[in-house]
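Hi everyone, thanks for making time today. Let me put the structure up, and then I'll walk you through the parts I'd like you to look at.

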Amino acid sequence: MSNVAKILIVDDEPNIVEVIRLYVEYVGYEPIVLFSGKEVISVIEKEKPDLVVLDVMLPDTNGFDLCREIRCLPDPSGKLPIIMLTAKGESIDKLRGFNLGVDDYLVKPFDPNELIARMKAVMRRTNLVKHPDETKAADKKHLEYPGLNIDLEQYKVTVEGHRVDLTPKETELLYFIASNPGRVYTREELLEQVWKFDFAGGTRTVDAHVKNIRKKLGLCEEWSIQTMWGIGYSFEVSKS
């Protein structure tokens, strides 16, 4: 299995598909797009996606029937995680989906950041996939860039040899982002990975911590924390 998740997006609304596709690509996954249900089973058998984002209302079928067909496939395809999208919010529809084996359920209109966070959570629960850079970073406790040293074991950060007084959570956030330079993380993803959702704040908590980190680290030409407006943050390293 590839270390980069393939996400099969099945929806007949081009605008929604395009938004999901962009967000999926931003977090480092590979999108596969279908606008109807007729090719879903054959694409699953050929491409072996790691997760399906499935709309309930499709021009040629419905998501419930497709979910039933997917669950009848031989394993591992039959256990493929499914997140269902629908304009219906009634509990009876959700119950029907869950009874058919849907892993999560999101009602339109939805926040794409929330969808990405749910994708990550579902794949983590099913132990299917990690981003390759995350796998590499998991074995490290120490990062070094020009003039910047991050030691997570000792919770010690230095800039040009001088220790910077970061809080433990600021250190963890900096370390996590810097572990995968160039990758854009959504705010929800950072909440999930760094805070583990075990706090009473929201996405503004991430913004506040990034602001404090930038202020304490100061400006550097070789590296920086960049804002991807409407999405999240990335740690960028100069190639010059």
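Let's begin with β11 and β12, which pair in the antiparallel sense over 6 bridges; two strands count as paired if DSSP finds at least two bridges between them. Helices (H or I, at least four residues) and strands (E, at least two) are DSSP runs, numbered from the N terminus. Within this pair, Thr227 stands opposite Tyr233 in β12. The two strands form a hairpin with 3 residues between them, and Gly230 in the turn has a positive phi of about 80°.

A quick word on where this comes from: it is a predicted model, where local features need pLDDT of at least 70 and side-chain atom pairs count only at pLDDT 80 or more, while totals for chains, interfaces and linings use all residues. Residues are numbered from 1 along each chain as its sequence is written, and side-chain values use heavy atoms, with hydrogens and water left out.

Now the whole chain. The protein chain has 9 helices and 12 strands. Of its 240 residues, 48% count as buried, where buried means under 20% relative accessible area, exposed means over 50%, and partly exposed is in between (1.4 Å probe, protein chains only). The accessible surface comes to about 12300 Å², and 51% of that belongs to carbon and sulfur atoms; these areas come from the Shrake-Rupley method with a 1.4 Å probe, and for residues only the protein chains shown count as cover. For contacts (heavy atoms within 4.5 Å), residues 24 or more positions apart account for 59% of those with a separation of 6 or more.

Next, please find the open sheet of 4 strands, with the order β6-β7-β8-β9 and antiparallel pairing. Its edge strands are β6 (142-145) and β9 (162-164), each pairing on one side only. From one strand to the next, the twist averages 20°. Inside the sheet, β7 (residues 148-151) and β8 (residues 156-159) pair in the antiparallel sense over 4 bridges, and Asp151 stands opposite Lys156 in β8.

Tyr155, in the loop between β7 and β8, has a positive phi of about 50° although it is not a glycine. Tyr155 counts as partly exposed because its relative accessibility is 34%. Moving along to the loop between β8 and β9, we find Glu160, also not a glycine, with a positive phi of about 50°. Glu160 is exposed, with a relative accessible area of 58%.

What lies across β6, β7 and β8? That is helix α7 (residues 168-178), running at about 70° to β6; axes are lines fitted to C-alpha atoms, for helices over the stretch in contact, and angles run from 0 to 180 degrees between N-to-C directions.

This takes us to the largest nonpolar core, which has 28 residues. By nonpolar core I mean a set of buried Ala, Val, Leu, Ile, Met, Phe, Trp, Tyr and Cys residues joined through side-chain atoms within 4.5 Å. Leu148, Leu174, Leu217 and Phe235 have the most contacts inside it. The elements giving two or more residues to the core are β6, β7, β8, α7, α8, α9 (203-217), β11 (223-228) and β12 (232-237). Helix α7 provides the largest share, 6 residues. Take Leu217: not counting residues up to four places away in sequence, it touches Leu148, Val157, Val159, Val164, Leu174 and Trp223.

Which residues of α8 are buried? They are Arg187, Glu188, Glu189, Leu190, Leu191, Glu192, Val194 and Trp195. With 8 of its 9 residues buried, α8 is therefore largely enclosed by the rest of the structure.

Helix α8 (residues 187-195) also meets helix α5 (residues 112-125): their axes come within 8 Å and cross at roughly 35°. On the α5 side, the contact is made by Asn113, Ala117, Lys120, Ala121 and Arg124, and on the α8 side by Glu188, Glu189, Glu192 and Gln193. These residues divide into 2 nonpolar, 2 polar and 5 charged. In that count, Ala, Val, Leu, Ile, Met, Phe, Trp, Tyr, Cys and Pro are nonpolar, Asp, Glu, Lys and Arg are charged, and the others, Gly among them, are polar.

Last stop, the cis peptide bonds. One joins Asp75 and Pro76, with omega about 10°, and Pro76 lies in the loop between α3 (63-71) and β4 (82-86). Another joins Lys108 and Pro109, with omega about -10°; Pro109 sits in the loop between β5 (104-107) and α5.
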